[in-house]
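Colleague: I am new to this structure and would like a close look at a single part of it. Could you walk me through the salt bridges, and then show me how they sit in the rest of the chain?

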Amino acid sequence: MAHAKLADPQCTISRSAALLGERWTLLLLRQVFLGTRRFEDFQSQMDISRSVLTERLAELVDEGVLRRVAYKDARTRYEYRLTEKGHALYPVLMALRDWGARWMPPEDGRPSFDLHHHDCGGDVHAKVECAECGVELTARDVRVTAPNPTR
């Protein structure tokens, strides 16, 4: 069954999971955020089959998460670059990374890479906060309501 058929059209989590829920898709996005741009580099760094890689890249391009940009080698080839929609996925991947570091750490306890703020050198972590007061939140701090029709 196609992922789109599994998505509840009214649920943004369901619709997002339909696009991002396949493991190669998240790993592709990780590689893009780490600087990988070219098909051959994705394939060699991820040990992914050409057919799966082609399918996942095409889906991310079709969904507007990535865009193809031509470059000239011996022949014209393409790089895959994040769009604004793609860049907006950064906090999602950082939240998964933080969760994994806490609950599913590597056997030696050290992640494969660390992330640091360019300006001050501080560690990078995902954070959920109130849009009004800026207080950091957990699920226990949030109540669910029906959508506001004026938004």
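Predicted model: local features only at pLDDT ≥ 70, side-chain atom pairs only at ≥ 80, totals over all residues.

The side chain of Glu-63 forms a salt bridge with the side chain of Lys-85, at 4.0 Å from N to O. This pair links distant parts of the chain, 22 residues apart: Lys-85 belongs to helix 6 (residues 84-87), while Glu-63 sits in the loop between helix 5 and strand 1 (66-72). Lys-85 has 44% relative accessibility, so Lys-85 counts as partly exposed too.

Now for the whole set. A search of the entire structure turns up eight salt bridges. One of them joins the side chains of Arg-56 and Glu-22, with an N to O distance of 2.7 Å. Here again distant parts of the chain are linked, this time 34 residues apart: Arg-56 is in helix 5 (residues 50-62), and Glu-22 is in the loop between helix 2 (12-20) and helix 3. Where do Arg-56 and Glu-22 fall, buried or exposed? Both Arg-56 and Glu-22 are buried.

Another salt bridge brings together the side chains of Arg-38 and Glu-79, at 3.1 Å from N to O. Arg-38 lies in the loop between helix 3 and helix 4, and Glu-79 lies in strand 2 (residues 76-82), so this pair ties together parts that are 41 residues apart in sequence. Arg-38 counts as partly exposed because its relative accessibility is 29%. Glu-79 has a relative accessible area of 11%, so Glu-79 is buried.

Let me return to Lys-85 for a moment, which at 44% relative accessibility is partly exposed. Salt bridges can also share partners, and in this way Glu-22, Glu-55 and Arg-56 are joined into one network.

The loop that holds Arg-38 sits between helix 3 and helix 4, and that pair of helices deserves a look. Two packed helices are described by the angle between their axes and the distance between the axes. For helix 3 (residues 23-33) and helix 4 (residues 39-46), the axes come within 11 Å and cross at roughly 115°. That makes helix 3 roughly perpendicular to helix 4. The crossing of these two helices is right-handed.

If you follow the chain on from helix 4, you reach Asp-47, placed in the loop between helix 4 and helix 5. Asp-47 is not a glycine, yet its phi is positive, at about 55°. With 69% relative accessibility, Asp-47 counts as exposed.

Read from the N terminus, the elements run α-α-α-α-α-β-β-α-α. Roughly 55 × 40 × 30 Å is the box that the C-alpha atoms fill, taken along the principal axes. Of the 151 residues in the chain, 23% are buried.

Tyr-71, in strand 1, is buried, with a relative accessible area of 12%. The C-alpha atom of Tyr-71 is 43 Å from that of Gly-134, which is 63 residues away along the chain. Thr-145 is exposed, at a relative accessible area of 52%. Between the C-alpha atoms of Thr-145 and Arg-67 there are 36 Å, and 78 residues separate them along the chain.

Which residues make the nonpolar patch of about 420 Å²? They are Trp-99, Trp-103 and Met-104. Trp-99 is found in helix 7 (residues 90-103), and Trp-99 is partly exposed because its relative accessible area is 47%.

Definitions and conventions: Residues numbered from 1 in each chain as written. Heavy atoms only, no water. Patch = residues over 30% accessible without salt bridge, like charges linked within 9 Å, V, L, I, M, F, W, Y side chains within 5 Å. Areas by Shrake-Rupley, 256 points an atom, 1.4 Å probe, with all protein chains shown as cover. Helix = DSSP H or I, 4+ residues; strand = E, 2+ residues; numbered from the N terminus. Buried < 20%, exposed > 50% of the residue type's maximum accessible area, 1.4 Å probe, protein only. Axes fitted to C-alpha atoms, helices over the stretch in contact; angles between N-to-C directions. Parallel < 35°, antiparallel > 145°, perpendicular 65-115°, else oblique. Left-handed = near helix turned anticlockwise from the far one by under 90°.
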